[in-house]
Amino acid sequence: MRRTLLLLAAVVLLVIPLAAIPLLGTSAVIVTPVLAAVFVVGYLWQSGGRGLGVGLAMLGAVVGGANAVLALVRVGGNPNCHARVGFGWAALVLALIAGLTPLMRGQRRVLASVLTAGAGLSGAVASTLFDIDTFYVVAVPLWLASPMVLLAGSLRQPGGL
């Protein structure tokens, strides 16, 4: 129940500022990292070491997702870029996948780590193919650090990987 509420809070904190872009302009995106930082600090506070890896991945999802949405809003309506809009949507979906896969439980830590890094790198490629003028790649180090933290933490726990 608590995990579901945290996940719902993360989605709400990401969606509300992004939904406000048509009303407030791209300055609404500034609110997203601030809210995400508050959420990540709260999550890390209560979950111990595993929370750091999950928090890094979620913060990367906020940064990557916000940049993908900004690129879609800014460039998506351009008729010259109509053929590449699929790459922008793919970058957004891959950012969400990279941010949520560390939440997998049990013996799926390695799979979650591979999915986080793979989706993050694939999203960076998709974002670059859609619009070169984006900061999506800022999220990639977060997505690469997250699996390392998760796997290092699981090596210290009983049961290992």
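# Reading an all-helix model

Author: Let's start with confidence. This is a predicted model, and among the elements of the chain, helix α3 (residues 31–47) has the lowest mean pLDDT, 59, while α5 has the highest, 92.

Reader: What is the mean pLDDT of the chain, and how many of its residues reach 70 or more?

Author: The mean is 77, and 63% of the residues reach 70 or more. Local features in what follows need a pLDDT of at least 70.

Reader: How do I check a helix span, say for α5?

Author: Compare the end-to-end distance with what 1.5 Å a residue would give. The 16 residues of α5 should span 22 Å, and its end C-alpha atoms sit 23 Å apart, which agrees. For α6, with 22 residues, the first and last C-alpha atoms are 31 Å apart, close to the expected 32 Å.

Reader: And which residues of α5 and α6 are buried?

Author: Buried means under 20% relative accessible area. In α5 the buried residues are V85, G88, A91, L92, L94, A95, A98 and G99. The buried residues of α6 include A112, T116, G123, A126, S127 and F130. Across the chain, buried residues make up 43% of the 161 residues.

Reader: Why might nonpolar side chains end up buried together?

Author: In soluble globular proteins, nonpolar side chains tend to be buried together. In this model, the largest nonpolar core has 15 residues, and A68, A91, Y136 and W143 have the most contacts inside it. The elements that give two or more residues to this core are α4 (49–75), α5 (85–100), α6 (109–130) and α7. The largest share, five residues, comes from α5. There's also a second, separate core of six residues, which includes A71, L72, V75 and C81.

Reader: Let me zoom in on A91. What does A91 touch, away from its sequence neighbours?

Author: For packing, skip residues up to four places away in sequence and see what is left. For A91 that leaves A68, G123, A126, S127 and Y136.

Reader: A126 is on that list. Is A126 buried or exposed?

Author: A126, in helix α6, counts as buried because its relative accessible area is 7%. A126 touches F87, A90 and A91, again leaving out residues up to four places away.

Reader: Where does S146 lie, and what does S146 touch?

Author: S146 lies in helix α7, residues 140–156. Its relative accessible area is 0%, so S146 counts as buried. Not counting residues up to four places away in sequence, S146 touches G53, V54, L56, A57, P102 and T116.

Reader: On to electrostatics. How many salt bridges does a search of the whole structure find?

Author: The approach is to look for a charged side-chain pair, then ask where each partner sits. The search finds one salt bridge. The side chains of D131 and R74 meet in it, at 2.8 Å from N to O. The pair links distant parts of the chain: D131 is in the loop between α6 and α7, R74 is in helix α4, and they are 57 residues apart.

Reader: Are those two partners buried or exposed?

Author: Take them one by one. D131 is buried, because its relative accessible area is 10%. R74, at 46% relative accessibility, counts as partly exposed.

Reader: Stepping back, what share of the contacts join residues at least 24 apart?

Author: Among contacts between residues at least 6 apart in sequence, 68% join residues at least 24 apart.

Reader: And what is the accessible surface of the chain?

Author: It comes to about 8600 Å², and 75% of that belongs to carbon and sulfur atoms.

Methods
Residues numbered from 1 in each chain as written. Predicted model: local features only at pLDDT ≥ 70, side-chain atom pairs only at ≥ 80, totals over all residues. Heavy atoms only, no water. Helix = DSSP H or I, 4+ residues; strand = E, 2+ residues; numbered from the N terminus. Buried < 20%, exposed > 50% of the residue type's maximum accessible area, 1.4 Å probe, protein only. Contact = heavy atoms within 4.5 Å. Core = buried A, V, L, I, M, F, W, Y, C linked by side-chain atoms within 4.5 Å. pLDDT = per-residue confidence, 0-100. Salt bridge = Lys/Arg side-chain N within 4 Å of Asp/Glu carboxyl O. Expected span 1.5 Å × (residues − 1). Areas by Shrake-Rupley, 256 points an atom, 1.4 Å probe, with all protein chains shown as cover.
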